[in-house]
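The tour below goes from one selection to the next.

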Amino acid sequence: MKRRKFVCSSMALILVLALLALAGCGRPSSAPSGGQEAPAQSESQSAPGGASGGGVPSTEQPSGGAGSGSGEGLVAGTDRVKELMQKGVAYDLITTTPQGTTSMKIWIQGYKLKTEGNFGGQKMVSILDTQTHTLITYYPDRNEAVKLAGERPQVDAKSPGDYLKDRDFTKARVIGSEVYDGAPCKVILVAEADGAQSKMWVREDCGLPVKVETEVPGQGKTVVEYKNLRFGPLPPETFELPAGVKVTDLGEMLQQLQKAAGKP
């Protein structure tokens, strides 16, 4: 009886650790809602690769994308967004709300996504593989990582392309032109589903929004900025853990506890 109680207690502890790992990858709390999933890579496409350089892709800018005229003609289409994500994109994500400002570094290529930031005074890196449904949360200060596999693990960080979904840009209104973060942009007003309006700075070269301001009555203004936007293949080591990191696989630990409890 004592052994069964010990096994049950251990299983409960592992489940708590799993939940903490998932919660850890989803911070910061002031980031926009809605999980980010990198687009799936087709079998015909090659594995991520490219020149070395500390996880920073080339500064080559994609041609085309945004045109003149209506708001609809300014933004990149779904196929264009997928193309950019497949080739590789890196940027700094800065989110400002009435509660404060948070920042993250993000790398996306094909089916892989990596985020890096400081949460609660602790540096945290999340590496998500949507092809194998694997999420690794790495704590550099402790040189430790937690690995968890699930059906659809997500990281709570919107990419620029996410702001192009479920919005009617045929009714968007162009209100000006500005240079933002070194790139010419069109500033447009877009209606939201709740009746509010968002102001977007859309880059003319690629059709992606690099700054989004949304104000909700009673909740204040949220500003999301995508700075240092770079396009190009990412180095292979971008989505790899450093050598010598201790990795705890929560899935394997749970299976071992289930076997110890006599469960399949």
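A residue is called buried here when its relative accessible area is under 20%, exposed when it is over 50%, and partly exposed in between. The model is a predicted one.

**Stop 1: the sheet.** Select the strands. Twelve of them form an open sheet with mixed pairing, in the order β7-β8-β9-β10-β11-β1-β2-β3-β4-β5-β6-β12. At its edges are β7 (173-180) and β12 (246-249), each of which pairs on one side only. From one strand to the next, the twist averages 20°. Strands of a sheet pair through backbone hydrogen bonds, in either a parallel or an antiparallel sense.

**Stop 2: β9 and β10.** Select residues 197-203 for β9 and 209-216 for β10. The two strands are antiparallel and pair over five bridges. Which residue of β10 is the bridge partner of lysine 199? Glutamate 213 is.

Now show the side chain of glutamate 213 together with that of lysine 211. These two form a salt bridge, with the closest N and O atoms 3.8 Å apart. A salt bridge requires a side-chain nitrogen of Lys or Arg within 4 Å of a carboxyl oxygen of Asp or Glu, so the pair is counted. Are glutamate 213 and lysine 211 buried or exposed? Both are buried.

**Stop 3: helix α3.** Select residues 78-87, which make up helix α3. The helix lies across β1 (89-97), β2 (100-109) and β11 (220-231), and runs at about 80° to β2.

Stay on α3 and show arginine 80 and glutamate 83. Both lie in this helix, three residues apart, which is about one turn. Their side chains meet in a salt bridge with an N to O distance of 3.1 Å. Arginine 80 counts as buried because its relative accessibility is 15%, whereas glutamate 83, at 32%, counts as partly exposed.

**Stop 4: lysine 165 and aspartate 162.** Select this pair next. The two side chains meet in a salt bridge, at 3.2 Å from N to O. Aspartate 162 has a relative accessibility of 13% and therefore counts as buried.

**Last view.** Side chains of opposite charge can pair when their charged atoms come close.

Methods
Residues numbered from 1 in each chain as written. Predicted model: local features only at pLDDT ≥ 70, side-chain atom pairs only at ≥ 80, totals over all residues. Heavy atoms only, no water. Pairing = 2+ DSSP bridges. Helix = DSSP H or I, 4+ residues; strand = E, 2+ residues; numbered from the N terminus. Axes fitted to C-alpha atoms, helices over the stretch in contact; angles between N-to-C directions. Contact = heavy atoms within 4.5 Å. Buried < 20%, exposed > 50% of the residue type's maximum accessible area, 1.4 Å probe, protein only.
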